[in-house]
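Me: I have a structure open and want to learn how to read it. Can we take the features one by one?

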Amino acid sequence: MVFRLSPILQKVRPTQQSWLRRQYNDPYVRQRLSHPASYRSRSAFKLLEINEKWGKFLEKNDVQAVVDLGAAPGGWSQVVAGKMGWLEDERIDGTGPSSPLEGEGYGLNQKAKDERYSSWSVKDRDLVDTFDPLSLTETPGRVGKGVIVAVDLLRMAPIPGVHTLQMDFLAPKSSDIVMSALKTSANPSGKADVIISDMAANFTGNHITDSQACLDICFSAIEFASKTLKVADKQRGLRGGTLLLKHFAHPLLQEFRRRILVPNFHVVYYIKPDSSRSESAEGYWLCRGWTGKKQVQRYASETPHEDEFQQ
Ligand SMILES: C[S@@+](CC[C@H](N)C(=O)[O-])C[C@H]1O[C@@H](n2cnc3c(N)ncnc32)[C@H](O)[C@@H]1O
């Protein structure tokens with residue numbers, strides 16, 4: 001079907017018109033709107049695709065603890081909650097007509113809703129130094145396995161089984177808070193099997209500033225991973241943890257891959273999912289089998305010239 005602007009929309013600016021045209025013609029936007037799972041973001045299809053094509057790493061039996069960094073509005077967390085059995089069928093949002101939680105939640109205050117969904121949300125300033133996740137009571141009627149912790153600067157509406165921390169992941173102490181949130185009776189080691197990061201800073205339009213911001217995010221994620229991911233242990237038949245990391249194409253990031261990721265994982269794949277827009281410089285590294293062989297340390301890097309930026 002050809003996209004035609006209605007007379008009202010013809011009055012909006014050309015840039016807004018081209019955005020509307022792109023949204024209308026995007027098969028993933030249409031799929032999201034019509035999908036029974038009511039995914040909150042188009043990004044959910046990227047994670048579904050990566051997981052499906054690259055070894056179904058979210059569905060392994062031994063996956064007990066997953067951390068979702070830069071999680072809002074919650075599409076990836078919905079996918080993880082679905083894979084870990086917190087949601088019985090494809091109706092992921094817990095709000096729709098075929099949801100196992102149908103009819104629940106209405107008339108409940110936020111605290112009661114969070115308890116009902118085994119989903120709590122806290123802000124860092126409320127919990128630094130006082131947060132004790134083990135004090136949280138187990139939720140009756142919970143259906144899923146393990147623990148899922150989601151982090152974002154923005155507030156996220158609850159998702160069954162997902163514990164949300166609203167905070168700046170790059171701030172000091174944030175990784176300690178996430179680590180304590182991971183330690184529950186369902187995951188006594190407090191370690192993570194899978195860390196997924198779709199975190200992205202707001203673009204300024206300056207490639208050097210934007211690439212440096214992306215590098216900072218990647219460093220924060222790997223520093224956290226180095227403290228948290230399970231290490232491969234052949235004797236115990238334990239797989240090393242997995243990290244899925246969003247980045248943008250730039251020589252600084254290639255250097256990061258070579259110096260930090262490759263020495264610390266069994267394998268590092270570069271993935272550009274079909275569902276990622278071709279005009280976007282974003283890509284993902286899927287890093288399997290954390291070995292932690294090389295200490296993770298930030299290094300001084302020559303900032304490449306603007307011309308070196310690759311689309
Ligand atoms: C592309 S969106 C994530 C979409 C998400 N994966 C989904 O499926 O709904 C990137 C997110 O990263 C978050 N973010 C960026 N910098 C952050 C930071 N320093 N700490 C926490 N979250 C951050 C943004 O607030 C934004 O919600």
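**Helix length, then the fold**

Me: What should the 22 residues of helix α8 span at 1.5 Å a residue, and how far apart are its end C-alpha atoms?
Reply: The model is predicted, so treat each value as computed. Helix α8 covers residues 207–228, and at 1.5 Å a residue its 22 residues should span 32 Å. The end C-alpha atoms lie 31 Å apart, which agrees.

Me: Which residues of α8 are buried?
Reply: Burial is read by counting neighbouring C-beta atoms, with 20 or more within 10 Å as the cut-off. Among those buried in α8 are His207, Cys214, Ile217, Ala221, Phe224, Ala225 and Thr228.

Me: What covers the buried residues of α8?
Reply: The cover includes strands β1 (65–69), β5 (194–197), β6 (242–248) and β8 (282–290). Helices α7 (174–182) and α9 (251–261) are also included.

Me: How many bridges join β1 to β3, and which residue stands opposite Ala65?
Reply: Strand pairing is read from bridges. Here 5 bridges join β1 and β3, which run parallel. Opposite Ala65 stands Val147 of β3.

Me: Which strand pairs with β3 in the parallel sense over 5 bridges, at residues 162–166?
Reply: That is strand β4. Ala150 has Thr164 as its bridge partner in β4. Val151 stands opposite Leu165 there.

Me: How many residues of β3 are buried, and on which faces?
Reply: Check each face of a strand in turn. In β3, 6 of its 6 residues are buried. Val147, Val149 and Val151 lie on one side. Ile148, Ala150 and Asp152 lie on the other, and both faces are covered.

Me: Why is β4 described as largely enclosed by the rest of the structure?
Reply: Because 4 of its 5 residues are buried.

Me: What about nonpolar side chains?
Reply: In soluble globular proteins, they tend to be buried together. In this model, the largest nonpolar core has 66 residues, and Val149 and Ile195 touch the most other members. Helix α8 gives the most to this core, with 8 residues.

Me: Which residues are in contact with Ile195, leaving aside neighbours within four places in sequence?
Reply: Ile195 is in contact with Val67, Leu69, Ala221, Ala225, Thr228, Leu229 and Leu243. Of these, Ala221, Ala225 and Thr228 are buried residues of α8.

Me: Now zoom out. How many helices and strands does the protein have?
Reply: The protein has 9 helices and 8 strands. Of its 311 residues, 37% count as buried. Among contacts between residues at least 6 apart in sequence, 74% join residues at least 24 apart.

How values were computed. Residues numbered from 1 in each chain as written. Predicted model: local features only at pLDDT ≥ 70, side-chain atom pairs only at ≥ 80, totals over all residues. Helix = DSSP H or I, 4+ residues; strand = E, 2+ residues; numbered from the N terminus. Expected span 1.5 Å × (residues − 1). Buried ≥ 20, exposed ≤ 12 C-beta atoms within 10 Å, placed from the backbone. Contact = placed C-beta atoms within 7 Å. Pairing = 2+ DSSP bridges. Core = buried A, V, L, I, M, F, W, Y, C linked by C-beta atoms within 7 Å.
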